[in-house]
Structures are given as structure tokens and as C-alpha cells.
Amino acid sequence: MSGVVFAGEAVGRAVPLVAGALGASGIAVAALPSRLAMRAELRKRWRTWAIAAPVFLGTLSLGAGGAFALAAAIGATAVSEYVRMAGLPRAEHAVLLVAAVVLPALAWLVPAAVDARAVDLRVVAPLLVVAALPALLAGDDEQGFTRSARTVFALLWIPLPLTGLVVLGDTAVAVGLAVALGDVGAWCGGMALGRSGALARPLSRLSPSKTWAGVLGAAGATAVALGAVEAFTPVLWAAVLTGCVLGDLLESMVKREAGVKDAGSWLPGFGGLLDRIDSLLLALLLAMVVTA
């Protein structure tokens, strides 16, 4: 995969754009009238972005080792949130935590092992065995299948996509930036165009606030972001846009079955980490496929 080497060029191109976006949005949020109901929430979100953006770019600027550390940290936190929502036992939690570290480590130390072109039986078969092993050894004849299925889903949804932070190289920077701005674009599109008419129709009952107007806003924002860091191609844009649109719905499906509003409560303005990275996970997975 050509993007494995981090040349730092994407980070260098992203820094001015991120700094400008944070500066402009910071001024806009500070100027919001106190009577606006969403003022406090938007300020919380801006503060989270102001911390998360430098961490994301800073760790990726360190190269593949930094990308591994970022992927492992995000993965460990995200799978812990997922385990609580899915109601999985400690054994499955341990399996997912190990996978959250091992898969990015393999992507760093043995890139061919997690190259999108190698995600076939060499990867799928061990993941299936590892996911089912705790229930098999416990002889769980009541919830064993459910436990195993939910664990397989988690492996494919969280640790595997996060290896993209390592194997995609500079493209990972572009994808992360595009997803972040795509989320903002979706919100702006929904606010500006989603009040009435055809564009106000929800995409799914899973998340009624997500409308076709939001898709339009995300489409424009992701295209601009990818173009700004000189990473735009039609297929990569389609992968990122699909991640922005469907990633949030995917997590909403998990949360609705679990009966929770958010994956966590520790991340100001967002809830949990999974609530923040749901679109990124799917976008990274699809980006690995289209750039293979």
C-alpha cells in the first residue's frame, strides 16, 4: 500500500486548515448569544476539538510508531465502551483489548499482515476463532452465539479499521480531517437546509435527526477537506462520505438495542469516544479497501 510511509506532508498541509477552522469556529462559538439553548453544548464540543485535533495530528506526525500508539489507545477505550453497551463478559473484553493492541502492532511491525489486500482467510479465520473461544471454553449453550457474534462484530468494527491509522500513512491524516469536517458540514447542512422539504427527510428511524440535507452538507465538506490536503479522488471521497453517513447510523443501531443514549459520558460535548469516532471507523475501513 503506497500510503504506509508517513512523509509528514499531509500533516503539514492539514495544520493551517485545522488551525484556521478552530480559530474561526472558536470566535463564532464565543459570539453566540447567551439565550441560545445549544451554546453551552457547542462550547464543550469546541474545547474537545481544540484538544483532540493537536493530539491526532501530533501523534500521526511521529510516523508509524505514533500511529500505532494512537490506534491502540483509541481502540482500547472504544472497545471498553462497546463491551459495556453489548453486555459482554470479561473474557470477551480481554479478547477485544488484546486485539485493539495486537492488530495495530502488526500493522506497524508487519504491514503486509493487515494490508487491505491480505484481509482474507489469513485474518478472518483467526478473528473468528478468537471471538468464539471464550464462549466455547465456557460451554455457554444459552448466550454463546450472541456473545461470539457481538465479539466478531466488534473486532471488525473497531480494532481492524483502526489499523488504517497505521497502514494508510498520510492518507489517514486526510481521512481523519475529512471525517471531522464532514461531521461539521452535516450539522450545518441540516441546520440550513433540513427544516422542511425533501431534504428534511430522515435517513433512518435509527437517527431521525440525520437528514438528506446533512448528507449534502457532509458531501461538500468532505470534498473541500480532501482537496485542501491534496488527497481528493472520487473513490476516496466516496469512501469518506459513506463513513460519515453510515458510521453514525451503525453506532445508533448498537446504542438503540443497548438502550443507551451515548456510549459514555466522559468526553465533553459528545458522550463517549465511540460517539466521536463512529464515522471515522467506517471511513478508515473503506479507505483501506479503495486504496489497496
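Author: What follows describes the chain briefly and then turns to its charged pairs.

This is a predicted model, in which local features need pLDDT of at least 70 and side-chain atom pairs count only at pLDDT 80 or more, while totals for chains, interfaces and linings use all residues. Residues are numbered from 1 along each chain as its sequence is written, and side-chain values use heavy atoms, with hydrogens and water left out.

The protein chain has twelve helices and zero strands, where helices (H or I, at least four residues) and strands (E, at least two) are DSSP runs numbered from the N terminus. Of its 292 residues, 47% count as buried; buried means under 20% relative accessible area, exposed over 50%, and partly exposed in between, with a 1.4 Å probe and protein chains only. The chain carries 21 positive and 18 negative side chains, and the centres of the two sets lie 11 Å apart; Lys and Arg count as positive and Asp and Glu as negative, without His and the chain ends, and each charge is placed at NZ of Lys, CZ of Arg, CG of Asp or CD of Glu.

Side chains of opposite charge can pair when their charged atoms come close. A search of the whole structure finds ten salt bridges, a salt bridge being a side-chain nitrogen of Lys or Arg within 4 Å of a carboxyl oxygen of Asp or Glu.

One of them links Lys255 and Asp275, at 3.0 Å from N to O. Lys255 belongs to helix α11 and Asp275 to helix α12 (residues 273-290), so this pair ties together parts that are 20 residues apart in sequence. Both Lys255 and Asp275 are buried.

Glu257 pairs with Arg150, their closest N and O atoms being 3.1 Å apart. Because Glu257 lies in helix α11 (residues 234-258) and Arg150 in helix α6 (residues 144-157), the pair ties together parts that are 107 residues apart in sequence. Glu257 is exposed, at 62% relative accessible area, whereas Arg150 is partly exposed, at 29%.

Arg147 forms a salt bridge with Asp140, with the closest N and O atoms 2.9 Å apart. Arg147 is buried, with a relative accessible area of 12%, and Asp140 is partly exposed, with 24%.

Arg39, in helix α2 (residues 39-60), is buried yet has no salt bridge, and Glu41, the nearest side chain of opposite charge, is 12 Å away.
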